[in-house]
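Hello,

Here is the structure I promised to pass on. Please open it alongside this email.

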Amino acid sequence: MIDWKLVLEVIGILIYATFMGFIFMGIERKAMARIQRRVGPPIYQPIIDTLKLLGKKESVSHGFIYDFGPVFAMGASIAALLFIPIANFQLFSSNADLIVVAYLLEIPMLGIMLGAMSSGNPYSALGVQRGLLTMVAMQLPYGLALIALIQHWGTFKLSEIVALQQTQGWSILVPALFVAMIVFDIVFQAMLGLEPFDIVSAPAEISMGPMVEYGGKHAALLFTQHAIQLFAETAFFAVLFLGGASNLLELLIKQIAVLFIAIFVASIYPRFTIDQAAKFFWKWPTILGIIAVLLTV
Amino acid sequence: MSEMKEMRNENDGVISYELQEFKLFEPLFKWARKKSLWIVAFCTGCGGIEMPPLATARYDFERFGIMPNPAPRMGDLFLITGYVTPKTLKRIIITYEMMQDPKYILAHGSCPINGGVYWDSYNVVKQLDKYIPIDVAIAGCMPRAEAVMDGIMEIMRKIEDGTADGWKRYRENYEYYRKNQDELFGEGWREKDARRWLAWI
């Protein structure tokens, strides 16, 4: 038996998330442009870009895994999105959905890398190597921030964390969790691939990294995936630290606030090299994360 | 005009490269192509220095959706910014063939048109149009950022009315271009050089 209401909700949330994700990407480019005193592209520019990539008349493929990588990444993004309580919809739920979402949000990078490696381009290989090292480096502070949060609220369920925050105040009002929020925000910058940690797809350095061989419809798929991923990550941040939301508008305001913090940090700092990034992650965010965990014990 | 071209394609037995199933969306895609030209950041010669003012606060081409993109697979607009030597031309041809199909070339300055100040040089390609198809050429030495912007607007206009068809001409007249390239570099240069540069393909 098919649950038609659930199916409709899934489709609705997906369309909303894709559209808002594209608008977030547009906001990112526009805000960067305004900070650099340029006019900047229109806010719907990523949608035009995706349409153009879909309209390419030729598509180069390097075999089955190359095609499979973006699809795999997109699937993981969508699965993560469905586990997150978006306003009052939480479509799938389990007893430990915090861990599920935390690791489903990491998988898209692996999917892109799977596809990129199979193209055989040396720039892709360099980008993949850098991406995996960044992922290894950011796991430790990421885990510590989540441990502090779980210890404070005493639950793994995202919906219960939201409910507790509605009654007892947002997570960031608790001093220990504020420290955890700072750690999570630093990791968040690397998850979005924004500036101090944009070593994966360093545009002028290794020519887009893993994305160098992607073009046409594959790149359009990756753009859509990035939009969904952006929406899911900002929603995850809002749910964990900013008290969730009871309607879509409230969630949107919180997501845009999170996004703007990321944009402002990204437009100030230059890029780390890969060894600096790994050293940084294992030093300051890790120390702060341990302090947060000790404070919540 | 476009109908005539398609007719000729059918008569000559050349495959039409328009995907038939997307005919309905073609106006939408045309609009999207016009509004989102990604530049392959491969600057040859002296025109590369005109790019920074174009990209930064003064002229800001990003307001038209133009974005410098280092990966040739995603690029749409190829800028030939200045004189072209045979050594660069090999790279230009390989990069141009790596780009995916609706792709456009904008040639800056007098050098790609007729050699410019290098008219009697032994080592400069005098007429670039013999080796790869050019959509718009801007005369001048060196065209200022305003002129380059004007050239880009011309490309946008040509995309809109469908006359920016360099990629189609390259497919249809491949033998002609191939013959000219082989005359310049000698037979078998693709196997010798391109294989070495692009070992993964």
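Predicted model: local features only at pLDDT ≥ 70, side-chain atom pairs only at ≥ 80, totals over all residues.

**Chain B overall**

Chain B has 9 helices and 5 strands. Along the sequence the pattern reads α-α-β-α-β-β-α-β-α-β-α-α-α-α. The chain has 201 residues, and 36% of them are buried. Take the contacts in chain B between residues at least 6 apart in sequence: 81% of these join residues at least 24 apart.

**The sheet in chain B**

The 5 strands of chain B make an open sheet. Their order is E2-E1-E3-E4-E5, with parallel pairing. Which strands stand at the edges? They are E2 (67–69) and E5 (136–138) of chain B. Each has a single partner strand, so one side of each lacks a neighbour in the sheet. On average, neighbouring strands here are turned by 30° against each other, direction ignored.

Helix H6 of chain B, residues 145–160, packs on this sheet. H6 touches E3, E4 and E5 of chain B. The direction of H6 makes about 165° with that of E5(B).

Now look at E3 and E4 of chain B. E3 covers residues 77–81 and E4 covers residues 104–108. The two pair in the parallel sense over 5 bridges. Leu79(B) stands opposite Leu106(B) of E4(B). Phe78(B) stands opposite Ile105(B), also in E4(B).

E3(B) has a link to strand E1 of chain B (residues 38–40) as well: 2 bridges join them, and they run parallel. Here Val40(B) has Phe78(B) as its bridge partner in E3(B). So much for pairing; next comes burial.

In general, side chains in a regular strand alternate between the two faces of the sheet. For E3(B), 5 of its 5 residues are buried. Leu77(B), Leu79(B) and Thr81(B) lie on one side, and Phe78(B) and Ile80(B) on the other. Both faces of E3(B) are covered.

E4(B) also has 5 of its 5 residues buried, so the rest of the structure largely encloses it. Tyr104(B), Leu106(B) and His108(B) point one way from the strand. Ile105(B) and Ala107(B) point the other way.

**Where the chains meet**

How many residues of chain B are in contact with chain A? There are 21, and they meet 32 residues of chain A. On the chain B side, the residues that touch chain A divide into 11 nonpolar, 3 polar and 7 charged.

Two helix pairs are worth a look.

From H1(A), the residues in the contact are Phe24(A), Ile27(A), Glu28(A), Ala31(A), Met32(A) and Ile35(A). From H11(A), they are Leu259(A), Phe260(A), Ile263(A) and Ser267(A). By type, the residues of this contact are 8 nonpolar, 1 polar and 1 charged.

The second pair is H2 (residues 45–54) and H10 (residues 217–241) of chain A. These pack at an angle of about 150°, with their axes 7 Å apart. That angle makes H2(A) roughly antiparallel to H10(A). The crossing of H2(A) and H10(A) is left-handed. H2(A) contributes Pro46(A), Asp49(A), Thr50(A), Leu53(A) and Leu54(A). H10(A) contributes Lys217(A), Ala219(A), Ala220(A), Phe223(A), Thr224(A) and Ala227(A). This contact divides into 7 nonpolar, 2 polar and 2 charged residues.

**A loop residue in chain A**

Ser171(A) is in the loop between helix H7 (158–168) and helix H8 (175–192) of chain A. Is Ser171(A) buried or exposed? Ser171(A) counts as buried, because it has 25 C-beta neighbours inside 10 Å; the cut-off for buried is 20 or more.

Leaving aside neighbours within four places in sequence, Ser171(A) is in contact with Leu149(A), Gln165(A), Leu177(A), Met181(A), Leu240(A) and Phe241(A). Lys5(A) is 166 residues away from Ser171(A) along the chain, and their C-alpha atoms are separated by 32 Å.

Best wishes

How values were computed:
Residues numbered from 1 in each chain as written. Chains lettered and ligands numbered in written order. Pairing = 2+ DSSP bridges. Helix = DSSP H or I, 4+ residues; strand = E, 2+ residues; numbered from the N terminus. Axes fitted to C-alpha atoms, helices over the stretch in contact; angles between N-to-C directions. Contact = placed C-beta atoms within 7 Å. Nonpolar A, V, L, I, M, F, W, Y, C, P; charged D, E, K, R; others polar. Buried ≥ 20, exposed ≤ 12 C-beta atoms within 10 Å, placed from the backbone. Parallel < 35°, antiparallel > 145°, perpendicular 65-115°, else oblique. Left-handed = near helix turned anticlockwise from the far one by under 90°.
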